[in-house]
Amino acid sequence: MGAAAVRRVALEVVGWTLVLVGIAALVLPGPGLLLLFAGLVVLSQQYAWAERRVEPVKWRALQAASDGVQTWPRIAASVAGCAWLVGLGVYWGSAAPVPGWWPLRESWWLVGGWATGVTLIGSGLFALGLLVYSFRRYRHRPYRPEDQEPDDSPASRS
């Protein structure tokens, strides 16, 4: 297998992994749009269809980042979510005793220990970093999609 084939396979694996984790993070705690965007950027090196999707996902991610810091209740909810993730990670890693209401085997309580806990803590800190970035960048200068529409947005197709 040549170097070009190894590079292509590595890009495929990394790109699709980021896309799948990004899709999962859209409904689970995590930076879903950011991971989806990163996966599409990687896949765009191989596929034209992925290249066409990069700008619309980037546009939506920036819009969500801007919207999330426009009101104090949204900011407070985001900070609370970050703190919850970090706290959950510490709790998970500390191997808390199995509660009496737990219906499954004891070995299924907080599976992963500190490996999972550190991942949760890292996700919370990463989300907090994104929140600080969004606050500094968009708090007093909201992202305006009409100023930076992607090429294949609904407005440009009409």
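This is a predicted model: local features need pLDDT of at least 70, side-chain atom pairs count only at pLDDT 80 or more; totals for chains, interfaces and linings use all residues.
Is L110 buried or exposed? At 13% relative accessibility, L110 falls on the buried side, where buried means under 20% relative accessible area, exposed over 50%, and partly exposed in between (1.4 Å probe, protein chains only). Residues are numbered from 1 along each chain as its sequence is written, and side-chain values use heavy atoms, with hydrogens and water left out.

On to the overall fold. The protein has six helices and zero strands, with helices (H or I, at least four residues) and strands (E, at least two) taken as DSSP runs numbered from the N terminus. Read from that end, the order is simply α-α-α-α-α-α. Of the 158 residues, 26% count as buried. The accessible surface comes to about 10300 Å², and 67% of that belongs to carbon and sulfur atoms; areas come from the Shrake-Rupley method with a 1.4 Å probe, and for residues only the protein chains shown count as cover. As for contacts (heavy atoms within 4.5 Å), take those with a separation of 6 or more: 59% of them join residues 24 or more positions apart.

Next, the empty space. Rolling a probe the size of a water molecule over the atoms shows where such space is left. The search runs on a 1 Å grid over the protein atoms alone, and a pocket is an open set of points where a 1.4 Å probe fits, with protein on both sides within 12 Å along at least five of seven lines; a cavity, by contrast, is a set where the probe fits but cannot get out. The largest pocket holds about 830 Å³, a volume being the space filled by probe spheres set on the points, with grid points joined across faces, edges and corners. Its lining takes in 28 residues, and P31, L34, A65, L130 and S134 lie nearest the centre (a lining residue has an atom within 4 Å of a point). Two or more lining residues come from each of α1 (3-27), α2 (32-43), α3, α4 and α5 (114-138). Helix α5 gives the largest share, six residues. By class, the lining splits into 20 nonpolar, seven polar and one charged, with Ala, Val, Leu, Ile, Met, Phe, Trp, Tyr, Cys and Pro as nonpolar, Asp, Glu, Lys and Arg as charged, and the others, Gly among them, as polar.

S134, one of the residues nearest the pocket centre, sits in helix α5. S134 counts as buried because its relative accessibility is 8%. Setting aside neighbours within four places in sequence, S134 is in contact with A65, V69 and R139. T71 itself belongs to the loop between α3 (48-67) and α4 (72-93) and is partly exposed, at a relative accessible area of 32%.

By the rule used (a side-chain nitrogen of Lys or Arg within 4 Å of a carboxyl oxygen of Asp or Glu), the count comes to one. The partners are R8 and E12, at 3.9 Å from N to O. Both lie in α1, four residues apart, or about one turn of the helix. R8 is partly exposed at 40% relative accessible area, whereas E12 counts as buried at 15%. Beyond four places in sequence, R8 touches Q46 and Y47. R8 and L43 are 35 residues apart in sequence and 9.7 Å apart in space, C-alpha to C-alpha.

L11 is in helix α1 too, and is buried at 14% relative accessibility. Leaving out neighbours within four places, its contacts are V42, L43, Q45 and Q46.

A95 counts as exposed at 61% relative accessibility, whereas L110 is buried at 13%.
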